[in-house]
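Please open the model in a viewer and keep the selection tool at hand. The stops below are to be visited in order.

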Amino acid sequence: MSRILVVAPNWIGDALMAQPLLARLREQHPGARLEVLAPEWVAPVARRMPEVDEVITAPFRHGALHLGKRWQLGRALKDRHYAQALVLPNSWKAALVPFFAHIPVRSGYLGESRYGLLNRLHKNGKDAMREHYARLADTPGATARSPLPQPRLRVDAAQVAATRARFGLEQPYVALCPGAEYGPAKRWPYFADLTARLQRPAVLLGSASDAAAAAGIGGENLVGRTTLDEAIDLIAGAQLVVANDSGLMHVAAALGRPLVALFGSSSPEKTPPQPGRSRVLWLKPECSPCYERECPLGHFRCMREISVDMVLAELERL
């Protein structure tokens, strides 16, 4: 049995946008074992992908080189005799483990001049992120075949019910995801006003780094109080979801939950939630998308002009 190693992106949303690549690899290599090397904060999402046979948790801190640890892991993986590796992050260090593992075919985008570390190099295009990753399944220069498979995550209904019960969530609720890891320019400022006008209880979800964004919103604030697996279960159990452009937005879409996705400094043309039960609010002022962490012009129109009434209207349409 042949093995394929995929080095996952460092962000939850990117990992989900890479799932169509995994589905394409499964189509092309139906008998192969598909394994994913993922950071510990992404691994729970990868484990719920039906295409993945095994997730190997990378023991590296975000941004750290850890050259010795990468060499050790590469040498440990060498005995698995992978046929190929696909390196999804663009960084130089992300390509080290497959190189140290002597994997014969190592694919990825040129990124940080990774000549030698990778031996099947692709050039960056202007695709949306799902197409960007999916192109790595084919020869360099090929266009990703349409339509792409859609991201989807496995959930267990009994586990979802148990997680809801553990947090005392017996009534129907709306999941709100007020954080966004990249910075304030991606965070809608009116979640507190929305919570006050909802007809159902609100449950706030996010990581500990989203605590400041969640402060004062009201509702059942579980930000920083759940594991990622628990947050996935609670999103799966929600009637509706409202989220900024974030990893949890992509989780909600992959779970097929009715979702209103709020975009400001980033673009749904580049990183959209998958279609289906998702509705996108993006006013697209002339300065958007700027992809800055904070509004460089100081007015924050891209998010400030999305009103609570607009969000409620979209929720009614779901």
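The tour goes from a sheet to a surface patch and then to a loop residue.

The model is predicted: local features need pLDDT of at least 70 and side-chain atom pairs pLDDT 80 or more, while totals for chains, interfaces and linings use all residues. Numbering starts from 1 along each chain as its sequence is written, and side-chain values use heavy atoms, without hydrogens and water.

**The sheet.** Select the six strands of the open sheet, ordered β3-β2-β1-β4-β5-β6 with parallel pairing. Strands are DSSP runs of E with at least two residues, helices are runs of H or I with at least four, and both are numbered from the N terminus; two strands pair if DSSP finds at least two bridges between them. β3 (54-58) and β6 (120-122) each have a single partner strand, so one side of each lacks a neighbour in the sheet.

Next, select β1 (residues 3-7) and β4 (residues 84-87), which are parallel and joined by four bridges. Within this pair, Leu-5 stands opposite Ala-85 in β4.

**The patch.** Select Leu-65, Leu-67 and Trp-92, which form a nonpolar surface patch. Trp-92 belongs to the loop between β4 and α5 (96-100). Its relative accessible area of 38% makes Trp-92 partly exposed, a class lying between buried (under 20%) and exposed (over 50%), with a 1.4 Å probe and protein chains only.

**The loop residue.** Finally, select Arg-293, in the loop between β12 (278-281) and α12 (301-304). Arg-293 is also partly exposed, at 47% relative accessibility. The C-alpha atoms of Arg-293 and Val-311 are separated by 23 Å.

Conventions
Patch = residues over 30% accessible without salt bridge, like charges linked within 9 Å, V, L, I, M, F, W, Y side chains within 5 Å. Areas by Shrake-Rupley, 256 points an atom, 1.4 Å probe, with all protein chains shown as cover. Salt bridge = Lys/Arg side-chain N within 4 Å of Asp/Glu carboxyl O.
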